[in-house]
Amino acid sequence: MIDREQQVLDRIERQRRRPAKVREERITLSHGAGGKASHTLVEAVFLEAFGNPLLAPLEDAARLRVGDARLALTTDSYVVSPLFFPGGDIGDLAVNGTVNDLAVSGATPLYLTCGFILEEGFAIADLTRIAASMRAAADRAGVVIVTGDTKVVQRGKADGCYVNTAGIGVVEGTTEFGVSAVRPGDAILVSGPIGEHGVTVMLARGELDIEADLVSDTAPLNGLIASLLAQCHGVHAMRDATRGGVATILNEIAADAQVSVIVDEDAIPVRPEVRGACELLGIDPLYVACEGRFVAAVAGDQASAALAALRRHPLGAQAAIIGRVAADQPGMVLLNTAFGGTRIVDMLVGDPLPRIC
């Protein structure tokens, strides 16, 4: 039986090592979902075209040197549907998402850009509401929107409003964060309950006869992360769990650092409302996007200190240690289930909940 399991693991590993190749002739929704299809598209098309040492790590932000300064730069586009949902809207989502990409890269966010693609006929009142939401979110995060752009396309060509943001921050000190720094023995932490944003947006579409008292977890994480880094010196890597959820982040850690990640299902914080909705939808909360949670890999002997630091902050009050990093079976994510078994947590091809960010 053990030999057969090893054969399966070896087959999976051989498949993962094959060069990335896009087999579809046209873009599908799965290519923007953050799963296997997205990773294949990035590696086979964009890395092939733009590949360079600054881009190659594929972290949430690029870390750059300009003179004596160390900067972090990131960009993202937002196409969420609906534009307004319980707990947030496309405006604060765009600001928070960009701030968080900088923060998990170890940077202090400073400045943002903002680009709007608007559809002919879009209500000025809705645009005003989105802009006000972005201003409020920027104020909460302590950043400033300093430049931007606006384009208008024909009716029916843009689904109302799309937003693109870029952010720049400064990296203090000499500590390098990144998945490549993850080591066997590290602990895996999540900063709070998972899956709330994706489920909230899905239910807000009104396509399902499901009611739940949920709001999006969208929030700026720079204050929480600054508090963690000030109190714990063993943080090796951080990623915010957006498209593809926590499961995708864990798979990226395992593959890029060539380690295995072992997670305990009972340790993963999931609100009952999210778990119930996911069961009705037939999806695993591990794959559902968050917009105010991050995953951290921390030196094992610093795990308790990191957890305590997170829980002292309001946004980390329900943080948890959910697993550990091991050396055997590199590239694999294994889940110790609540029923006493173990299963592989693979990266999905697409996303069961598209258009959530």
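This is a predicted model: local features need pLDDT of at least 70, side-chain atom pairs count only at pLDDT 80 or more; totals for chains, interfaces and linings use all residues.
1. The axes of the two helices come within 7 Å and cross at roughly 30 degrees. Angles under 35 degrees count as roughly parallel, so α3 and α4 are roughly parallel to each other.

2. It is worth looking at who makes this contact. From α3 come Ile90, Gly91, Asp92, Ala94, Val95, Asn96 and Val99, while α4 contributes Ile130, Ser133, Met134, Ala137, Ala138, Arg140 and Ala141. By type, the residues of the contact divide into nine nonpolar, three polar and two charged.

3. Now to the sheet. Five strands form an open sheet in the order β1-β2-β7-β5-β6, and the pairing is mixed. β1 (62-66) and β6 (144-153) stand at the edges; each has a single partner strand, so one side of each is left without a neighbour in the sheet. On average, neighbouring strands are turned by 20 degrees against each other, direction ignored.

4. α3 (residues 90-103) lies across β2, β5 (108-119), β6 and β7, and runs at about 145 degrees to β2. α4 (residues 124-141) packs on the sheet too, touching β5, β6 and β7; the direction of α4 makes about 175 degrees with that of β5.

Notes: Residues are numbered from 1 along each chain as its sequence is written. Side-chain values use heavy atoms; hydrogens and water are left out. Two strands pair if DSSP finds at least two bridges between them. Helices (H or I, at least four residues) and strands (E, at least two) are DSSP runs, numbered from the N terminus. Axes are lines fitted to C-alpha atoms, for helices over the stretch in contact, and angles run from 0 to 180 degrees between N-to-C directions. Contact means heavy atoms within 4.5 Å. Angles under 35 degrees count as roughly parallel, over 145 as roughly antiparallel, 65 to 115 as roughly perpendicular and the rest as oblique. Ala, Val, Leu, Ile, Met, Phe, Trp, Tyr, Cys and Pro count as nonpolar, Asp, Glu, Lys and Arg as charged, and the others, Gly among them, as polar.
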